[in-house]
Amino acid sequence: MSVVDLQIANDKVVCAQHKNEVCSECNQSFLEINDLTRHLKSTNGQVPPPGAVLPLRSQQIAKMREEGNTFFRAQRHQEAIVAYTNAINIAFDRPLWEPTQLAREELAVLLCNRSAAYIARKEWVNAYVDAEGVIELKRPWSKGHFRLGRALFGMGRLEEGVEALKLGLMFDPESAEIQKALKEAETALVAEEALNE
Amino acid sequence: MGSVWLAIIYIGGWILSMRVFGYFWKNRKLAINDAEPWFGENIARSQYIALLQQDEPEATETQLTAALLRRAMEGVVRVLSMREDKQVLANLVKQGTVGDDIWTQFTLSEKELEAEIMNIVEEANTFKENWGQSILQTASEMVMHEKTKQMQKELEVRREEEARKQAVRDSRKEKKTLKEKKEGTDAPAAAKESTTAAPAPAAAAEVEATA
């Protein structure tokens, strides 16, 4: 067991030799301890009992999400993206002891909305990445697959898009929007194959 | 007179062989103990202890709390990991694919881990009464939550990767359409552009208002 050479400078724990929070030379990282300390300050140094959530953060996130939704409905997609991104950053910065499930639910919805905004602006790669995130967080949610399909079409990856839509349809066979998108995609696919012959 | 010597040699021989045996036996035990522990160094624990020992300036209670939580998280991760490994290892040892000494190594590390967990609980109780009871539960939640946070970094990495790939795809398509234009086949090029535009969003995208 080796001894960790650290010191405390300006309320932060850093390595003794280089005064770095994350030091590749000393091969130490005190970032986690410092982040946790920062989060603990907002609860007066007390570790909340398991399952406790600070209402303030949830309120902020909900507010940003509503702002984003309002922008989206007003067709101001760029501003919607900014609002959603703010909410997402706050949601990712929840203190670690708050229930994971809550954070995942919030993030799934936020990423899905942001993906829709990216689609509206034809930023396919961003929409694709966000949609993949939604699926990773909440696989049985058909909306995630729907967004993924749309993003893939925009990128020109028609077959993969059709696969994604079919998977979404499996989770939610009643989804009208997926059925419609699937029909359009399959027609487009047939047309492209005819072209290549 | 001779038989006394014989008796002494006999007893001496016994004592000698006992000693020799004991020497080799101890070495065997030491060899097992010197064997590599199941996990590498426990950094979270070392950091906690180092913080405890700080005296100019002393670590604040909040910092120590944070360090203990990280130590608990590492403990939880190791317990889960060992649980997974245990079944697999038991099967391997039964089959004979793997030696018995690895099993001994494993059980020794298990005991060590148990002691570490008890240590963590004791430490927690010194901060606040009964915190020892809930610290492990809190730590488990934190371990799961950290995985979700890592997603954020992964998303960023993926973003850059996909952007690169898409740029390559787009430039290939451009080259292809330019080639086709040069070959005097304007019709397919125009048709290609319309097919990629067709599935593009025409209907208004819905947005989730409530979670």
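Reader: Which residues have the most contacts inside the largest nonpolar core?

Author: In soluble globular proteins, nonpolar side chains tend to be buried together. A nonpolar core is a set of buried Ala, Val, Leu, Ile, Met, Phe, Trp, Tyr and Cys residues joined through side-chain atoms within 4.5 Å, where buried means under 20% relative accessible area (1.4 Å probe, protein chains only). In this structure the largest such core has 39 residues, and Leu110(A), Tyr128(A) and Leu148(A) have the most contacts inside it. Helix 4 of chain A gives the most to this core, with 10 residues (helices are DSSP runs of H or I, at least four residues, numbered from the N terminus). This is a predicted model, in which local features need pLDDT of at least 70 and side-chain atom pairs count only at pLDDT 80 or more, while totals for chains, interfaces and linings use all residues. Residues are numbered from 1 along each chain as its sequence is written, chains are lettered from A in the order in which they are written, and side-chain values use heavy atoms, with hydrogens and water left out.

Reader: What is Leu110(A) in contact with, leaving aside its neighbours within four places in sequence?

Author: Contact means heavy atoms within 4.5 Å. With those neighbours set aside, Leu110(A) is in contact with residues including Ile61(A), Arg65(A) and Tyr84(A).

Reader: How many residues of each chain are in contact across the interface?

Author: In chain B 57 residues are in contact with 76 residues of chain A. A salt bridge is a side-chain nitrogen of Lys or Arg within 4 Å of a carboxyl oxygen of Asp or Glu. The rule finds four salt bridges across this interface of chain B and chain A. Arg157(A) forms a salt bridge with Glu162(B), with the closest N and O atoms 3.2 Å apart.

Conventions: Buried means under 20% relative accessible area, exposed over 50%, partly exposed in between (1.4 Å probe, protein chains only). Helices (H or I, at least four residues) and strands (E, at least two) are DSSP runs, numbered from the N terminus.
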